[in-house]
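User: I would like to learn how to read strands, cores and single residues in a model like this one. Could we take the features in turn, with the general idea before the case?

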Amino acid sequence: MVVSLRRRTQAKNPRSDLPRSKAAADDSDSDWEETVCVECSSGKQPAKLLLCDKCDKGFHLFCLRPILVSVPKGSWFCPSCSKHQIPKSFPLVQTKLIDFFRIKRSTDSTGASPDSSIGKKRKRTSLVMSKKKRKLLPYIPTVDPQRRLEQMASLATALRASNTEFRNELTYVSGKAPRSANKAVLEKGGMQVLSKQDAETLALCKNMMDRGECPPLMVVFDPYEGFTVQADRCIKDLTIITEYVGDVDYLSNREDDYDGDSMMTLLHASDPLQCLVICPDKRSNIARFISGINNHTPEGRKKQNLKCVRFNINGEARVLLVANRDISKGERLYYDYNGYEHSYPTEHFV
């Protein structure tokens, strides 16, 4: 998906007496040379300079921390004028978390631990066969109930700060793409089918989340990167981390959405009018806060520990984030936003 960037023209500027369309059209005009970025003191790349609606100071989109990939809609205020602070933590109260995540109270106590089931399967299967089949693994929840509450509270804090409702599945809402549009057979070049066993593993992960047994992850706020996700225990290669979810919409409806920096390709069809994207800005889960790598540098590529994979599941396209190597406790999670189209602007990612 190509994200086009435009210069903000809502703030006052040296040419405020001219029509906005004319002021925005000519990036080379000398009057604009007076506007420079507060962070780097450069006026280069004026199309990526964002002006504060209060103090009129300029900031490159990529010099801000956290980085902005595109120009926000409506008013925007710089860090100094907005007095940006660490988001208020969600209450560490079990009943509030149960309501927030719509956790189902189950009377079934016969569910097997993923730890024990995986161990038994591996004993029956040779190492060579395991490598050939490359079966996906379910995540293993943290045993300590109190720590799980802290993990869920960290996600609730991030969701509430971003005005996002928790959902753990794709949502289809009126005015956007209907569920009938999500047909995996439309994928250009075909889409891999999730095996029956891997589908059962995914269902196990979904059921665990419904019971409040969340993935062993913490959402942390970094003033440099914004909300990020880190492993709260060791995670094995090929473990399902989460499904990427949100509202499903046609790409054609979102091509001019400058706030859509978290959009994910769901269906890349031959017909552009049939292409679908996932929009996590209103409804989503922890996937929204997992960071992308700067895939323009070797250092950025080394940070990748997840892969984003699209699967055909019962005829519908779905997107999973899966560990592509063993992940240590405390390690932040990163994946490549450009796994398919190679068009997302990641050169300024940290």
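User: Which residue in E13 is the bridge partner of Thr242?

Analyst: Strands of a sheet pair through backbone hydrogen bonds, either parallel or antiparallel. In this model, which is predicted, the bridge partner of Thr242 in E13 is Leu321. That bridge belongs to the pairing of E6 with E13, which is antiparallel and extends over 3 bridges.

User: How many bridges join E12 to E13, and in which sense do the two strands run?

Analyst: Strand E12, residues 306-313, is joined to E13 by 8 bridges, and the two run antiparallel. One of the paired positions is Ile313, whose bridge partner in E13 is Glu316. The two strands form a hairpin with 2 residues between them, and Asn314 in the turn has a positive phi of about 55°.

User: How should I read the side chains along E13, and which of its residues point one way and which the other?

Analyst: In a regular strand the side chains alternate between the two faces of the sheet. In E13, Glu316, Arg318, Leu320 and Val322 point one way, while Ala317, Val319, Leu321 and Ala323 point the other way, and all of them are buried. Because 8 of the 8 residues of E13 (residues 316-323) are buried, this strand is largely enclosed by the rest of the structure.

User: Where does Thr239 lie, and is this residue buried or exposed?

Analyst: Thr239 is found in the loop between strand E5 (226-231) and strand E6 (240-243), and with a relative accessibility of 5% it counts as buried, since the cut-off for that class is under 20%. A polar atom of the Thr239 side chain lies 2.7 Å from the backbone oxygen of Lys236. Beyond its neighbours within four places in sequence, Thr239 is in contact with Leu137, Pro138 and Tyr139, and also with Leu321, Val322 and Ala323, residues that lie in E13.

User: Which residues touch the most other members of the largest nonpolar core?

Analyst: In soluble globular proteins, nonpolar side chains tend to be buried together. Here the largest nonpolar core has 61 residues, and Phe101 and Leu306 touch the most other members. Helix H6 (residues 145-161) gives the largest share of this core, 7 residues. Setting aside residues up to four places away in sequence, Leu306 touches several residues, including Ile241, Ile290, Leu321, Val322 and Tyr335. A second, separate core has 8 residues, among them Phe59, Leu64, Val71 and Trp76.

User: What is the order of the strands in the open sheet of 3 strands, and which of them stand at the edges?

Analyst: The order is E7-E9-E8, with antiparallel pairing. Strand E7 (247-250) and strand E8 (264-267) stand at the edges, each with a single partner strand, so one side of each is left without a neighbour in the sheet. Neighbouring strands of this sheet are turned by 40° against each other on average, direction ignored. E8 pairs with strand E9 (residues 276-279) in the antiparallel sense over 3 bridges, and within this pair Thr265 has Val277 of E9 as its bridge partner.

Terms used
Residues numbered from 1 in each chain as written. Predicted model: local features only at pLDDT ≥ 70, side-chain atom pairs only at ≥ 80, totals over all residues. Heavy atoms only, no water. Pairing = 2+ DSSP bridges. Helix = DSSP H or I, 4+ residues; strand = E, 2+ residues; numbered from the N terminus. Axes fitted to C-alpha atoms, helices over the stretch in contact; angles between N-to-C directions. Core = buried A, V, L, I, M, F, W, Y, C linked by side-chain atoms within 4.5 Å. Buried < 20%, exposed > 50% of the residue type's maximum accessible area, 1.4 Å probe, protein only. Contact = heavy atoms within 4.5 Å. Polar contact = N/O pair within 3.5 Å; in protein donor to acceptor, adjacent residues only side chain to side chain.
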